[in-house]
Amino acid sequence: MDYRSIFVNSWFLKNWKFILIALAAIVIGNLTRHVTNKIYARRERAQKYKNKTLMSDGDEYEDTELNTKNALNDIKSPQEDTRDIKYVPALKVENHVPFSGAQVTLPAGAKQFYELVNNRRSVRSYTSKRIPPLQVIEDCIRAAGTSPSGAHTEPWTFCVVSDNNMKLRIRDIIELEEKINYAQRMNRQWTTDLTPLRTNHIKPYLTDAPYLILVFKQIYGYLPNGDRKQHYYNEISVAIATGILLCALQAAGLNSLVTTPLNCGTALRILLDRPENEKLLVLLPVGYAAEDCAVPDLKRKELKDIMSKY
């Protein structure tokens, strides 16, 4: 066998130029893909940091792997890109006025306030015989509206429901989802932890309580010209407002319950015809405790367990 003849007439030798071009293309393609992936990954990290710094719920630097030096370098770029844009504060404040400190206080101060809120309990059984005046509910929400908020955006909406038909529709939505939650979505430890509280997917308080207050957080707002206005720390701000609302309800002699309807937010928002920039944070049944109302005999942590002094 003439190996030399086979080699000379082989397909590889006849097409060596095309093979070389193909190999070069493969090498160049792999190199280009490698460089592109590095550039993309770098941009993605920078964008991730940029997005983190614009978050409004207190997680700006969570999971950020960039060190301070890199972070400062990343910050320079967007500032340079927008240096010609004229920024105008969304908040209109003409001037600052003198403030001499708290003028309205409780006679016994913080101790009296502690005794007030320490008496608050989560109530799941309400009477239909006593209905608080709507004015009282409005005063409580007015108090909640005094809450501090990020850049004074006041990102909250309090929806008060007293119509029996609407309360029934809300209960139907929540009980349907809660049945699935307890059966599938909530793990065994979660449902086990709830056992001492004797809760399940049946929520009679949603129709028994004379009022339901649905607290929505506004993810963003709108400027007079229709542009979006960022609501910084919207969830934290609305959570603080909800805490003030709970205290106001307690001060008015009313009972309440903080509920977080899992997987019901969108349906309830649509039911109440709320805009897309609002998301349900909590739902509070409000009224007077039923005569046969019973609550778990819970003990709160002592001061030494919740405070550290330095």
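**Entry 1: the E5 end.** I began with Ser256 and found it opposite Val286 of E6. The model I am reading is predicted. Strand E5 and strand E6, residues 278–287, are joined by two bridges and run antiparallel. I then looked for what packs here: helix H10, residues 234–251, lies on the sheet and touches E1, E2, E5 and E6. The direction of H10 makes about 10° with that of E6.

**Entry 2: Asn255.** Which strand holds Asn255? I placed it in E5. A polar atom of the Asn255 side chain is 2.9 Å from the backbone nitrogen of Ala289. Leaving out residues up to four places away in sequence, I listed the contacts of Asn255, among them Val123, Tyr126, Pro285 and Tyr288.

**Entry 3: the whole sheet.** I traced the strand order as E1-E2-E6-E5, an open sheet of four strands with antiparallel pairing. Its edge strands are E1 (156–161) and E5 (255–256), and each of these pairs on one side only. As a reminder to myself, strands of a sheet pair through backbone hydrogen bonds, either parallel or antiparallel.

**Entry 4: the E1 end.** How many bridges join E1 to E2? I noted six, with the two strands running antiparallel. Within this pairing, Phe158 has Val215 of E2 as its bridge partner. Is E1 mostly covered or mostly open? It is mostly covered, as five of its six residues are buried. Helix H6 (residues 134–144) lies across E1, E2 (211–218) and E6, and runs at about 165° to E1.

**Entry 5: rings.** I searched the whole structure for aromatic pairs and got one. Tyr220 and Tyr222 form it, edge-to-face, with 5.7 Å from centre to centre and 80° between the planes. Why does Tyr220 count as buried? Its relative accessibility is 15%, and the cut-off for buried is under 20%. Tyr222 has a relative accessible area of 49%, so I put it down as partly exposed.

**Entry 6: charges over rings.** Tyr220 came up again here: the charged end of Arg228 sits over its ring, 3.9 Å from the centre.

Terms used
Residues numbered from 1 in each chain as written. Predicted model: local features only at pLDDT ≥ 70, side-chain atom pairs only at ≥ 80, totals over all residues. Heavy atoms only, no water. Pairing = 2+ DSSP bridges. Contact = heavy atoms within 4.5 Å. Axes fitted to C-alpha atoms, helices over the stretch in contact; angles between N-to-C directions. Polar contact = N/O pair within 3.5 Å; in protein donor to acceptor, adjacent residues only side chain to side chain. Phe/Tyr/Trp six-rings, centres within 6.5 Å; stacked < 30°, edge-to-face > 60°. Buried < 20%, exposed > 50% of the residue type's maximum accessible area, 1.4 Å probe, protein only. Lys NZ or Arg CZ within 6 Å of the ring centre and 35° of its normal.
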